[in-house]
Amino acid sequence: MAKIKPMAAKHPQSSAMHEVMSAALANQMNRFSAGSIIKGTISGVKGNEVLVDIGYKSEGTVPASDFKSEEIPKVGDVIDVLLVELESDNGMVVLSKSRADDKLRWEAVLNKYMEGGVVTGTIRSKVRGGLIVDVDGVDAFLPGSQVDVTPVHDPDPFLNTTCELKVIKISNERRNIIVSRRELIEERIASKKRELLSSIEKGQQRNGRVKNITDFGAFVDLDGLDGLLHITDMSWGRIKHPSEMLKVGQDLDVVILEVDMDRERVSLGLKQSTPNPWESIELSFPVGSRLRGKVVNLVPYGAFVEIQSGIEGLVHVSEFSWTKRVARASDILNVGDEVDVVVLSIDAANQKIALGIRQTEANPWDTVQDRYPVGSRVSGKVRNFTTYGAFVELEEGIDGMIHVSDMSWTRKINHPSEMLQKSQLVEAVVLEVNPTDQRISLGLKQASDDPWNTITSRYAIGQIVTGKVSKTASFGAFVELEDGVDGLVHISQISDQHVEKVKDALKAGQEVEARIVKIDRDERRIGLSIKAVTMSEGQLEELTRDLSATDLKPGENLVGLAAAFDDAFAQSEEWRPGMD
C-alpha cells in the first residue's frame, strides 16, 4: 500500500494576494452597479453616440444629445456618466451623461442648502399653480400664493428675473424643492418693522409714501412700517375726503403723533408739520375786518367760507341779507363761489369764526325813516297774507304791514283777503317805523277820509234811504247805504208781521228801502227800519224817541228795542260771513 503524501501547506504570500484580488473584484462590481456615477474617457464618436471607456470589458455609449451645444465631445475628455445598464440586449454598456449631471447637481444642492435657508434662483417658466425656478441648475417650485405678499394675478412680469427665496421643503425621494418669495419678504418686513419701532419716537418727523387711501384717512409706508394718517390730522382746515389732498404713491413728510409698541401701531400727522394758524387767528383776522373768501361747503343753516388755507368761517343764513329772508344757504350760494365777508366774532379755543355777508353793504333799515316818514303816503304791492294782516312790499326786501284793524273805517275785517288780493297795488299811510325791529306799520283806511266824520251831514233820523242787503245774520240784515257804510235792520224792524228767520225775508244783494231810526257816530252805528217806511210822522217820532230814551220802563210797548239794537250791533262784532 502506497503512502499518501501529505499536501503541502499554502504559502502565506499566496493567501494575501488572493484576498487583495477578491477585494478589488468586489470594488469593481460595486463600481459597475446600475445607478452609480463613474468617470469615463471619451474614446470616440460614432453618429449620434459617444463611446466612453469606463474600464469595463467593453465600452459604453452615451447619446450625443446629452451634451449641450457648447459641449463638443472630444476624444480623451474625462466625463462623469451614470451607469444605466451594464449590458444591453446588443451587449453594450448603456450610460447617461445628463442623468449624471442631474444627480450631481441635486447632491450639490442638498449639500449647499437646507430647509429654512435662503437661495438665489431665476424664475424660468410658468406651470399650473405656480412658477419654476432654476436654483443652481435644479428646478424648484414656487407656488403662486408664495410669489408676493399681495395676490399676484399676472406672473409674467416675474419671468426671467433673479430673486432670493426661502426653502420651505426639500424631498430627496422626489427630488423636489419648494421655495417661497413671500415668506422671505414678510420676514424682512417684520424685521424692518421691529427695527423701526425700536427707533421711532413721538414728535419725530419722518418721510413716507402714501400706500392706501380710505374714507377716514390714509396709510403711509414709513419704509417698512405702516402708519395711519387720520383725515382730521391732514389739514388745519376742513376736507371732505383724503383724496382731496393725497394720492397713492405720493411722498410726504409726516409727524409721529403716537406709538403703540404692543399693537405695533403708529399715528401720524401732516398738519402738525406746519404752524397752527388758529394760534394767531385774532391778529390775522381781527373782528370787523373785511375779507374775500371761497365757499367750500354748504349746510342748511349756512355756508362755510375759506378765508385762508386751513381757515374757515361760518356765514349763518341770518347774516346773508339785511332784507331777504334766506331759508337755505344753497338758495343764495354755490360751492366754489367767491364772496366778500366781514369777521363778526372769533372763538379760537373751539376754532370757530362767525362771518357776515350782509355787513359788506349798508343796512337799508338804518335810513328807512328818511325814506318812509310817519304820515307819508306810500304805494306797494301786496306780497303775502297772515291772519292778522297783509304785507306790502315797499321796495326789494322792505315790507310794511297793514293790520286788519287799519283796513276799513266802516267794516270789521276778519281776514285781509276780504279787502285785498295778492299782487294788488295799494296806497297806504305810514303809521309807525321801527328800524330796530325792522317793522313798518301801514294804514289802508288812513289813505281815505273817514266817512263817519261827516255822517250826520249826510244822514238824519227819519230819512228814507235805499240800499242793498250786504249780508244777513240771525239778528238782522246789513244794508249798504254807500261805499263801506252799512246800516243794520234788526229782525224786529223788517216787517209788521212776525219774522222767524231773517234769510226768509231778505236776501243778500236785494235792494230795500228803509228809514233811519238811530245814528251813533261815536259807535259808528246806523239803525234802520223797513217797516217804519210806512209809518206816520207821529209813529216815527214815537219810535225814535223810544230808541233814544234811557229811562224806558218795563211794560211799555217798545221797552227793550234800543237794547235789541245794541245787542244786535254787539253780535255783529262776532259775526262771520256765512253764519245765519
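Is lysine 39 buried or exposed? In this predicted model, lysine 39 counts as exposed, because its relative accessibility is 55% and the cut-off for that class is over 50%. Select aspartate 80 as well, and you will find that lysine 39 forms a salt bridge with it, the closest N and O atoms being 3.0 Å apart. The pair links distant parts of the chain, with lysine 39 in strand 1 (residues 37-46) and aspartate 80 in strand 4 (residues 78-85), 41 residues apart. Aspartate 80, at 23% relative accessibility, counts as partly exposed.

This bridge belongs to a set of 26 salt bridges found in a search of the whole structure. For another, select glutamate 395 and arginine 371, whose closest N and O atoms are 3.2 Å apart. Glutamate 395 is partly exposed at 25% relative accessibility, and arginine 371 is partly exposed at 33%.

Next, select aspartate 450 and arginine 524, whose side chains meet in a salt bridge at 2.4 Å, N to O. Aspartate 450 lies in the loop between strand 25 and helix 6 (455-458), and arginine 524 in the loop between strand 29 (511-520) and strand 30 (525-529), so the pair ties together parts that are 74 residues apart in sequence. Aspartate 450 is buried, with a relative accessible area of 8%, whereas arginine 524 counts as partly exposed at 33%. Selecting Arg290, Arg292, Glu338 and Asp340 together then shows one network, joined by salt bridges that share partners.

Move on to the second largest pocket, which holds about 440 Å³ of space. Of the 23 residues that line this pocket, Arg325, Trp365, Phe391, Gln438 and Arg439 lie nearest its centre. Strand 23 (398-403), strand 24 (425-434) and strand 25 (439-443) are the elements that give two or more residues to the lining, which by class has 9 nonpolar, 8 polar and 6 charged residues.

Two single residues complete the tour. Lysine 193, in helix 3 (residues 182-199), is partly exposed, with a relative accessible area of 25%. Beyond its neighbours within four places in sequence, lysine 193 is in contact with Gly224, Leu225 and Glu264; the C-alpha atoms of lysine 193 and glutamate 264 are 8.6 Å apart, although 71 residues separate the two in sequence.

How values were computed: Residues numbered from 1 in each chain as written. Predicted model: local features only at pLDDT ≥ 70, side-chain atom pairs only at ≥ 80, totals over all residues. Heavy atoms only, no water. 1 Å grid on protein atoms, 1.4 Å probe; cavity = no way out; pocket = protein on both sides within 12 Å on 5 of 7 lines; lining within 4 Å. Points joined across faces, edges and corners; volume = space filled by probe spheres on them. Helix = DSSP H or I, 4+ residues; strand = E, 2+ residues; numbered from the N terminus. Nonpolar A, V, L, I, M, F, W, Y, C, P; charged D, E, K, R; others polar. Buried < 20%, exposed > 50% of the residue type's maximum accessible area, 1.4 Å probe, protein only. Contact = heavy atoms within 4.5 Å. Salt bridge = Lys/Arg side-chain N within 4 Å of Asp/Glu carboxyl O.
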